[in-house]
Amino acid sequence: MPTIIIKNLTFAYDGSEKKLFENINLTLDTSWRLALAGRNGRGKTSFLKLLRGELPYEGTITGVPETVTFPGGEELEVEDWKVRKELNLMGADPDIMYRPVETLSGGERTKLMLARLFSYDGIYPLIDEPTNHLDLTGREKLAEYLAGKDGFILISHDRNFLDRCTDHTLVITKTGVELTAASYSTWWENNEQRMESERARNAQLHKEINSIDKAIKQNSSWAGKAETSKNRAHASSKVAEDHFRRAYEAEKSRKLMSLAKNLKNRNEKKLEEKKSLLADEERSEQLKISGSEHHNKTPVILKDLTLLRYGEPIAGIRELIVNRGDKISIQGANGCGKSTLIKHLAGLGQEEGISVTGESYIAPGLKISYVGQDTSALRGSVSEIAADRRADKTLLTTILVKMGFDGNMLLRDTSTLSLGQKKCVMIALSLCEHADIYLWDEPLNYIDVYMRQEIERLVKNSNITMLFVEHDRSFIDNVSTKSCTPQSLRDNGTS
Ligand SMILES: Nc1ncnc2c1ncn2[C@@H]1O[C@H](COP(=O)(O)OP(=O)(O)OP(=O)(O)O)[C@@H](O)[C@H]1O
Ligand SMILES: [Mg+2]
């Protein structure tokens with residue numbers, strides 16, 4: 001297997017002051033199952049593009065074999081029997097390869113694309129976030145499948161998933177890249193330990209700098225005094241010719257001056273050391289949300305509900321009572337009708353021919369805020385979107401800045417943002433809406449671990465009412481007050 005050699009790689013997008021990569025040197029063996037991790041916007045997807053030669057850069061990248069990307073690869077010809085074999089290995093139904101792509105669920109599309117990708121011999125797969133539409137079992141099966149493969153790069157924010165199927169880890173940090181021959185969790189734990197000891201060293205340095213500062217101040221006031229008395233001594237020497245005293249004062253002043261210089265040097269060194277500490281520390285600012293207080297204590301009631309798409313029954317719900325302040329996790333396997341339910345409640349069903357039978361009470365005048373799964377429709381700058389959505393632009397900007405957006409990202413067309421950044425825009429818009437009920441469909445897809453924790457904290461500690469679909473176990477366990485599982489009515493209502 002070839003070795004990719006990267007020398008002095010430097011790259012920034014046109015018009016962006018921030019360099020995503022600066023003088024990076026790396027040697028990557030293409031037989032590794034390499035995890036590529038890092039916070040949203042650090043340049044993971046861009047790194048894959050650089051390997052494929054799709055972006056101009058400084059430095060050299062050599063030894064990259066022929067690559068194929070996920071998502072993508074639809075244009076390549078593959079032999080059916082190979083795809084079938086890979087689908088079987090994945091534990092997926094091989095017949096999905098004969099179904100029209102539009103009829104496949106997100107998870108099925110992912111599996112088919114990956115099966116095609118691994119049907120090419122001698123091609124190096126570059127896989128960018130494959131887990132998003134997969135439920136827990138789907139992720140486990142895919143991890144198992146990938147663990148049996150040789151040589152790929154895999155981007156994901158799911159630590160557990162990466163641990164199960166990769167043997168090397170490349171992390172893009174705030175200041176560069178770190179490569180280890182270990183799992184992502186091992187890197188994470190080592191990094192936490194390093195940060196902990198850097199924090200302790202930082203506190204120690206802080207103390208030392210303070211005391212040196214104090215000493216400098218004291219010293220310069222002494223030196224000042226010594227200088228004055230030296231001058232005085234000098235003046236009086238004309239009269240008294242006090243030779244010894246003059247020499248003594250001069251010496252004292254010189255010593256104090258040199259001590260001051262010394263202290264200053266020491267201080268500068270410590271400050272310099274302090275600067276390099278914690279440069280990689282990831283911080284998240286606290287977000288806020290304030291839903292409105294709707295007068296209705298039970299804003300939504302569903303009873304014996306059947307959801308239909310173009311007349312076909314999709315899902316059934318026996319009873320769902322939403323009380324103010326509830327945070328309801330909508331659960332169930334891929335394709336059981338979770339998104340259909342959310343779209344119905346959001347009043348967005350018409351487009352997909354969604355209709356209902358049974359009792360579906362939604363309090364009149366209920367203000368709904370919806371975050372859908374798909375980010376591909378985002379267009380225009382943040383202020384254009386704010387105007388379009390009638391959102392408070394200042395509030396939206398404040399939230400996005402807290403989420404790590406800089407001026408350039410706020411001004412640029414949102415279609416050029418990274419996937420996680422796009423999702424942040426959608427969540428930030430929702431946080432601005434002061435709604436009576438929040439309907440979030442897989443809000444954490446593409447969002448990095450740090451931001452996930454912050455969103456989890458925010459929702460958990462607020463009194464908003466929310467219905468959500470999410471596969472992130474920690475979010476479900478920590479946030480939900482109850483759950484609802486639509487029953488799939490496909491296959492004549494038997495599944
Ligand atoms: N065409 C572009 N012009 C300017 N900046 C861009 C462009 N495309 C991406 N960027 C910026 O470059 C940075 C890296 O983007 P990239 O998509 O590589 O990040 P990522 O690590 O894959 O993030 P995510 O986890 O959100 O997918 C981001 O800040 C993004 O906004
Ligand atoms: Mg990306």
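So, six strands make up an open sheet, and reading across it the order is 5-6-7-3-8-9, with mixed pairing. Before I go on, this is a predicted model, where local features need pLDDT of at least 70, side-chain atom pairs count only at pLDDT 80 or more, and totals for chains, interfaces and linings use all residues. Residues are numbered from 1 along each chain as its sequence is written, while chains are lettered from A and ligands numbered from 1 in the order in which they are written.

Helices (H or I, at least four residues) and strands (E, at least two) are DSSP runs, numbered from the N terminus. Two strands pair if DSSP finds at least two bridges between them.

Where does this sheet end? At strand 5 (67-70) and strand 9 (177-180), the edge strands, each of which pairs on one side only. On average, neighbouring strands here are turned by 15° against each other, direction ignored; axes are lines fitted to C-alpha atoms, for helices over the stretch in contact, and angles run from 0 to 180 degrees between N-to-C directions.

Now look at strand 3 (residues 33-38) and strand 8 (residues 168-172): they pair in the parallel sense, over five bridges. Find Gly-38, and opposite it, in strand 8, you'll see Ile-172.

Phe-70 and Pro-71 are joined by a cis peptide bond, with omega about -5°. Pro-71 sits in the loop between strand 5 and helix 2 (80-90).

Strand 1 (residues 3-11) runs antiparallel to strand 4, and four bridges join them. Ile-5 has Thr-62 of strand 4 opposite it. Over in strand 2 you'll find Asn-23, a residue other than glycine whose phi is positive, near 50°.

On to helices. Two packed helices are described by the angle between their axes and the distance between the axes. Helix 2 packs with helix 3 (residues 106-117) at about 125°, the axes being 8 Å apart. Helix 10 (residues 393-402) and helix 12 pack at about 135°, and their axes are 9 Å apart. So helix 10 is oblique to helix 12 as well.

Last stop, ligand 1. How many residues surround ligand 1? There are 20, and the closest are Tyr-13, Thr-45, Ser-46, Ser-418 and Gly-420; a residue is near a molecule if its C-beta atom, placed from the backbone, lies within 6 Å of it. Helix 1 (44-51) and helix 12 (419-431) are the elements giving two or more residues to this shell. By class, the shell has six nonpolar, eleven polar and three charged residues (Ala, Val, Leu, Ile, Met, Phe, Trp, Tyr, Cys and Pro count as nonpolar, Asp, Glu, Lys and Arg as charged, and the others, Gly among them, as polar).

And why does ligand 1 lie between two domains? Because domain 1 (3-174) and domain 3 (300-488) both give residues to its shell, with the domain bounds coming from an automatic or database domain assignment.

Definitions and conventions:
Parallel < 35°, antiparallel > 145°, perpendicular 65-115°, else oblique.
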